[in-house]
Amino acid sequence: MRVGQVLEAERVAGSRKLIKMRVDIGAEIRQVVAGIAGAYEPESLVNRKVILVVNLKPAKLMGVVSDGMCWQR
């Protein structure tokens, strides 16, 4: 797990639940797709800290590749 800062966030086209984010985890910037649109607006996530699970295989959600899994409280 790593702590990262959200650089950009936007809704995934065609989905009500997914948000695509670019997250800076220090050594690299990763693209992550998370099903948190029901609880957060994308604009409110920019510059927030999130926890990422980074040792997962990339997954494709709604045609968008996600290089991790995100937790936000």
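The structure is a predicted model, in which local features need pLDDT of at least 70 and side-chain atom pairs count only at pLDDT 80 or more, while totals for chains, interfaces and linings use all residues. Residues are numbered from 1 along each chain as its sequence is written, and side-chain values use heavy atoms, with hydrogens and water left out.

**Strand 1 and its partners**

Select residues 2-11, which form strand 1. Strands (E, at least two residues) and helices (H or I, at least four) are DSSP runs, numbered from the N terminus. Two strands are said to pair if DSSP finds at least two bridges between them. Glutamate 10 has lysine 20 of strand 2 as its bridge partner.

Next, select residues 49-53, strand 4, which runs antiparallel to strand 1 and is joined to it by four bridges. Here glutamine 5 stands opposite lysine 49, and valine 3 has isoleucine 51 as its bridge partner.

**From strand 4 to strand 7**

Keep strand 4 in view and select residues 69-71. This is strand 7, which pairs with strand 4 over three antiparallel bridges. Valine 53 is bridged to methionine 69 of strand 7.

**A nonpolar surface patch**

Show the side chains of Met1, Val3, Ile51, Leu56, Met69 and Trp71, which form a nonpolar patch on the surface with about 640 Å² of accessible area together. Such patches consist of residues with over 30% relative accessible area and no salt bridge, with nonpolar side chains (Val, Leu, Ile, Met, Phe, Trp, Tyr) joined within 5 Å and like charges within 9 Å. A salt bridge places a side-chain nitrogen of Lys or Arg within 4 Å of a carboxyl oxygen of Asp or Glu. Accessible areas come from the Shrake-Rupley method with a 1.4 Å probe, and for residues only the protein chains shown count as cover.

**Arginine 30**

Move to arginine 30 in strand 3 (residues 29-34). Arginine 30 is buried, with a relative accessible area of 14%. Its side chain makes a polar contact of 3.4 Å with the side chain of glutamate 28. A polar contact is a pair of N or O atoms within 3.5 Å; within protein, one must be able to donate a hydrogen and the other to accept it, and residues adjacent in sequence count only if both atoms are side-chain atoms. Beyond its neighbours within four places in sequence, arginine 30 is in contact (heavy atoms within 4.5 Å) with residues including Met21, Val54 and Asp67.

**Serine 66**

Now select serine 66 in strand 6, a buried residue with a relative accessible area of 3%. The side chain of serine 66 reaches the backbone nitrogen of valine 33 at 3.0 Å.

**Two loop residues**

Finish with asparagine 47, in the loop between helix 1 (42-45) and strand 4. Asparagine 47 has a positive phi of about 75° although it is not a glycine. Methionine 62, in the loop between strand 5 (59-61) and strand 6 (64-66), has a positive phi near 55°.

Methods. Buried < 20%, exposed > 50% of the residue type's maximum accessible area, 1.4 Å probe, protein only.
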